[in-house]
Amino acid sequence: MADTLEPKPTEIVTEPKVDPKVDPKVEPVKEPTLEELKLELAQAKQHATNKEEEAARHFKKLQTFEQAEQAKKDAELSELDKEKKARVALEAENKKIKLDLLKQSTASKLGLPEILANRLQGETPEEIEADAKQLLEKLPKKTSPNSATNPGGGAQVTKTPIDLLKEMGLR
């Protein structure tokens, strides 16, 4: 039979621990002083400030490049694209004007004060009318100047005192 090889145990080599007091080659760790720590902190703050300023400069430069790129893209738009943009803007303006007119006419039809017409909500005539009715319900009701409890409060006297005496049969 073939000879079998048995694995040999591996040797683990470890570095001997060195005591700084015994070995003069190893220097003991020196603790930093308060002044050194303050100096290091000031340097770190200055470094951070410099990085922030640099980032701000880069950001501003990036914005400038992006604006220039957008201007370049706008200049490259074909005449057809420009007309499409103008048409979309006009359609939006037209829709707003129609909606404002619808609000004004609904307010007028229902007797809502004109100043409140622009406050109406909704996109369709039904929605706007429902909102106007709801708003009208919340408004205080007008009272007539000659109410039933005070029938003569706002009326002018057309008869003289002599006429009244004649009516009563005293004259």
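Contact is defined here as heavy atoms within 4.5 Å. The model is predicted, so that local features need pLDDT of at least 70 and side-chain atom pairs count only at pLDDT 80 or more, whereas totals for chains, interfaces and linings use all residues. Residues are numbered from 1 along each chain as its sequence is written, and side-chain values use heavy atoms, with hydrogens and water left out.

In the protein chain, residues 24 or more positions apart account for 21% of the contacts with a separation of 6 or more. The chain has four helices and zero strands, helices (H or I, at least four residues) and strands (E, at least two) being DSSP runs numbered from the N terminus. The order of elements from the N terminus is α-α-α-α. Of the 171 residues, 6% count as buried, that is, under 20% relative accessible area with a 1.4 Å probe and protein chains only. The accessible surface (Shrake-Rupley method, 1.4 Å probe) comes to about 16300 Å², and 58% of this belongs to carbon and sulfur atoms.

Helix 2 (residues 79-110) and helix 3 (residues 125-138) have axes that come within 10 Å and cross at roughly 45 degrees. On the helix 2 side, L99, L102, K103, T106, K109 and L110 meet P125, I128, E129, A132, K133 and L136 of helix 3. By class, this contact has seven nonpolar, one polar and four charged residues.

K133, in helix 3, is partly exposed at a relative accessible area of 42%.

Technical notes: Axes are lines fitted to C-alpha atoms, for helices over the stretch in contact, and angles run from 0 to 180 degrees between N-to-C directions. Ala, Val, Leu, Ile, Met, Phe, Trp, Tyr, Cys and Pro count as nonpolar, Asp, Glu, Lys and Arg as charged, and the others, Gly among them, as polar. Buried means under 20% relative accessible area, exposed over 50%, partly exposed in between (1.4 Å probe, protein chains only).
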